[in-house]
Amino acid sequence: MNEQPLYDVLIVGGSFAGLSAAMALGRSCRQVLIIDSGHPCNQQSPQAHNLLTHDGEPPAALLARSKEQVLRYPTVHFLEGRAVSGTKDAGVFEIMTDTNAVYRAKKLLFATGVTDIMPELSGFADCWGISILHCPYCHGYEVLGQETALLGNGAMAFEFCRLLLNWHKRLTLLTNGQCTLTEEELQQLRRFDVHIVEQELSGFRHREGRLQAVLFRDGTELPMEAVYTKTAFKQHSAIPEQMNCTLTEGHGFIQVDDLQRSSVPGIFAAGDNTTFFRAISGAIAAGGKAGACINAELSEEAFKVE
Ligand SMILES: Cc1cc2nc3c(=O)[nH]c(=O)nc-3n(C[C@H](O)[C@H](O)[C@H](O)COP(=O)(O)OP(=O)(O)OC[C@H]3O[C@@H](n4cnc5c(N)ncnc54)[C@H](O)[C@@H]3O)c2cc1C
């Protein structure tokens with residue numbers, strides 16, 4: 001016999017989206033278990049920005065305070081651990097963790113985020129989130145006036161350059177090999193004095209993640225303080241796909257509707273794992289919505305005549 005209680009909701013991922021959902025559910029008196037492995041995507045960033053009332057605070061401090069507030073609701077429980085698989089049996093969801101423990105619930109929320117894939121360039125991972133940046137809204141203001149580059153090529157690089165010129169009047173485009181922008185795009189960038197460098201990179205020189213120079217394969221280097229780029233990424237957890245949640249074509253986000261419902265009844269998803277718009281505010285909003293929608297679904301089901 002399974003000794004585990006049947007929770008109303010299991011939340012896999014206890015960062016911004018997961019904690020926000022847990023708050024809505026805790027305040028709805030739902031029995032909730034959050035399972036979290038403790039690796040939010042922005043953990044290396046010294047500060048988080050573009051977040052009302054918390055602008056400039058360390059992400060870890062924001063999460064610690066959020067967790068403390070959410071766990072004041074006695075029906076919300078938190079487990080540090082990694083979920084490794086999931087099943088649905090007779091209308092009950094089961095999640096197994098890396099310690100072989102099994103937890104059961106009526107509803108499941110994936111707030112598992114995504115994992116950024118670091119390119120094999122020396123120093124890149126050390127600088128990620130500190131001086132190698134993914135987003136000007138999050139970090140652009142802090143590097144205004146610094147020697148700045150964009151690492152990218154083709155149409156993506158052109159569009160990203162156009163955006164970045166709002167923050168950085170002097171910008172270098174590092175194409176890391178032959179430039180694949182069109183002649184028209186290049187002409188437009190030249191109008192804004194974007195300096196284009198096609199040399200292949202070998203890595204980055206830095207001190208504790210603070211960039212000092214871009215290093216090229218031919219042994220030369222270029223002094224640099226901030227680099228933007230878009231990395232490849234993948235779902236942080238393979239369980240949603242394993243449980244047959246449909247992923248979107250191209251980026252592989254968990255497909256959700258307006259109520260954060262995945263393609264599998266009873267499974268919800270919220271936060272970075274569902275959207276290209278990556279921001280703490282967005283994850284908090286989506287998590288809060290998921291919490292309310294899950295509660296509404298549970299209420300509706302409790303009302304149904306057997
Ligand atoms: C470097 C960087 C800097 C950023 N800076 C900012 C900023 O300044 N301002 C801003 O608004 N946004 C910023 N963002 C974006 C912001 O961090 C994300 O939008 C936000 O963290 C998404 O929250 P989330 O809860 O969806 O996912 P995450 O915060 O990534 O959290 C996912 C959680 O799920 C857990 N998890 C995953 N799989 C499992 C599993 N199998 N079992 C248990 N737990 C699991 C992870 O350990 C993690 O704790 C930044 C992003 C990056 C990459």
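What we have here is a predicted model, so local features need pLDDT of at least 70 and side-chain atom pairs count only at pLDDT 80 or more, while totals for chains, interfaces and linings use all residues. Residues are numbered from 1 along each chain as its sequence is written, and side-chain values use heavy atoms, with hydrogens and water left out.

Let me start with the ligand. There are 36 residues around the ligand, and S15, D36, S37, H39 and D272 come nearest, where near means that a heavy atom of the residue lies within 4 Å of the molecule. Domain 1 (6–116 + 232–303) and domain 2 (119–229) both contribute to this shell, so the ligand lies between them; the domain bounds come from an automatic or database domain assignment.

Turning to polar contacts, which are pairs of N or O atoms within 3.5 Å, a polar backbone atom of C41 is 3.0 Å from an oxygen atom of the ligand. A nitrogen atom of the ligand lies 2.9 Å from a backbone N or O atom of A83, and a ligand nitrogen atom is 3.1 Å from a side-chain N or O atom of H139. Of the 1000 Å² of accessible area that the ligand has on its own, the protein covers 98%, by the Shrake-Rupley method with a 1.4 Å probe.

Now to the sheet. Three strands form an open, antiparallel sheet in the order 12-13-14, with strands being DSSP runs of E of at least two residues, numbered from the N terminus, and pairing requiring at least two bridges found by DSSP. Strand 13 (residues 210–216) pairs with strand 14 over three bridges, and V214 stands opposite L222 in strand 14.

Notes: Polar contact = N/O pair within 3.5 Å; in protein donor to acceptor, adjacent residues only side chain to side chain. Helix = DSSP H or I, 4+ residues; strand = E, 2+ residues; numbered from the N terminus.
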